[in-house]
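Subject: Structure handover

Hello,

Here is the structure I promised to pass on. Please open it first, then read the notes below.

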Amino acid sequence: MDLPLLTYALGLSLPWFHSLVVVLVTAVSARYFSSEVDCIAVRWNACGTVVFVVFLHITRHTLSPYVCTGHPTGQTTVRDVPGVVCWQSGEHAALVALSVVSLASMVV
C-alpha cells in the first residue's frame, strides 16, 4: 500500500523530530550530569547544528511536489512519487499544501 501523503509528511517531520531528541538529550544530561557549560546555549547550538546539517534535505524534500516529470502520454507526475499526477489530483494538492506549510515554518 503506497501512501504518498503520509510518506511526505513523515519525511518533513523527521529533521524536526531529530532536533527535539537533541534538546531532550541535552536537557537530561544537564539535569543528571553537572557541567560548567550553559545548558541552554548547548541545546540551541545542537539544534542549530542539526537543522544546518539537514537543511538541504529539508529544502529538497519540501520542494519535491513542484518537480514534475512529463510522460509520452502528455501526463505529468511528481518525480519522487510517480503515482501522483501533477496539478490534477487531490493527492498532489495535499502535497503542495504540506509543502507551503513547511516552507512557511522554515521562514519562521
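One cut-off before the findings. A residue is called buried under 20% relative accessible area, exposed over 50%, and partly exposed in between. Keep in mind, too, that this is a predicted model.

**Overall layout**

The protein has three helices and two strands. Along the sequence they follow the pattern α-α-β-β-α. Of its 108 residues, 25% are buried. The accessible surface comes to about 7500 Å². Carbon and sulfur atoms account for 71% of that surface. Take the contacts between residues at least 6 apart in sequence: 54% of them join residues at least 24 apart.

**The salt bridges**

Side chains of opposite charge can pair when their charged atoms come close. A search of the whole structure gives two salt bridges.

Is arginine 60 buried or exposed, or in between? Its relative accessible area is 45%, so arginine 60 is partly exposed. Aspartate 80 is also partly exposed, at 35% relative accessibility.

Arginine 79 has 45% relative accessibility, so it counts as partly exposed. The bridges share partners, and they join Arg60, Arg79 and Asp80 into one network.

**The disulfide**

How many disulfides are there? The count comes to one. Cysteine 68 is joined to cysteine 86, with 2.0 Å from S to S. The pair links distant parts of the chain, 18 residues apart. Cysteine 68 lies in strand E1 (residues 68–70). Cysteine 86 lies in the loop between strand E2 (76–78) and helix H3 (90–107). The link between cysteine 68 and cysteine 86 is left-handed, with -105° about the S-S bond.

Cysteine 68 has a relative accessible area of 30%, so it is partly exposed. Cysteine 86 has 2%, so it is buried.

**The core and its surroundings**

In soluble globular proteins, nonpolar side chains tend to be buried together. Which residues make up the largest nonpolar core here? There are seven: Tyr8, Leu12, Val78, Val81, Val84, Cys86 and Leu95. Cys86 therefore belongs to this core and is buried at 2% relative accessible area.

For Leu95, set aside the neighbours within four places in sequence. Leucine 95 is then in contact with Pro4, Leu5, Tyr8, Pro65 and Val84.

Proline 4 lies in helix H1. With 8% relative accessibility, proline 4 is buried. Beyond its neighbours within four places, proline 4 is in contact with Val81, Val84, Glu91 and Leu95. Now look at proline 4 and valine 84. They are 80 residues apart in sequence, yet 8.0 Å apart in space, C-alpha to C-alpha.

Histidine 92 is found in helix H3. Its relative accessibility is 0%, so histidine 92 counts as buried. What does histidine 92 touch, not counting residues up to four places away in sequence? The list is Pro65, Cys68, Val78, Val84, Val85, Cys86 and Trp87. It includes Cys68 and Cys86, the two cysteines of the disulfide.

Serine 99 is also in helix H3. At 0% relative accessibility, serine 99 counts as buried. Leaving aside neighbours within four places in sequence, serine 99 is in contact with Tyr8, Thr62, Pro65 and Tyr66.

**A nonpolar patch outside**

Some nonpolar side chains are on the surface. Leu14, Phe17, Leu20, Val21, Leu24 and Val25 form a patch there. Together they have about 550 Å² of accessible area. One of them, leucine 24, is found in helix H1 (residues 4–32).

Best wishes

Notes: Residues are numbered from 1 along each chain as its sequence is written. This is a predicted model: local features need pLDDT of at least 70, side-chain atom pairs count only at pLDDT 80 or more; totals for chains, interfaces and linings use all residues. Side-chain values use heavy atoms; hydrogens and water are left out. A disulfide is a pair of cysteine sulfur atoms within 2.5 Å. Helices (H or I, at least four residues) and strands (E, at least two) are DSSP runs, numbered from the N terminus. Buried means under 20% relative accessible area, exposed over 50%, partly exposed in between (1.4 Å probe, protein chains only). Patches are made of residues with over 30% relative accessible area and no salt bridge: like charges are joined within 9 Å, nonpolar side chains (Val, Leu, Ile, Met, Phe, Trp, Tyr) within 5 Å. Accessible areas come from the Shrake-Rupley method with a 1.4 Å probe; for residues, only the protein chains shown count as cover. A salt bridge is a side-chain nitrogen of Lys or Arg within 4 Å of a carboxyl oxygen of Asp or Glu. Contact means heavy atoms within 4.5 Å. A nonpolar core is a set of buried Ala, Val, Leu, Ile, Met, Phe, Trp, Tyr and Cys residues joined through side-chain atoms within 4.5 Å.
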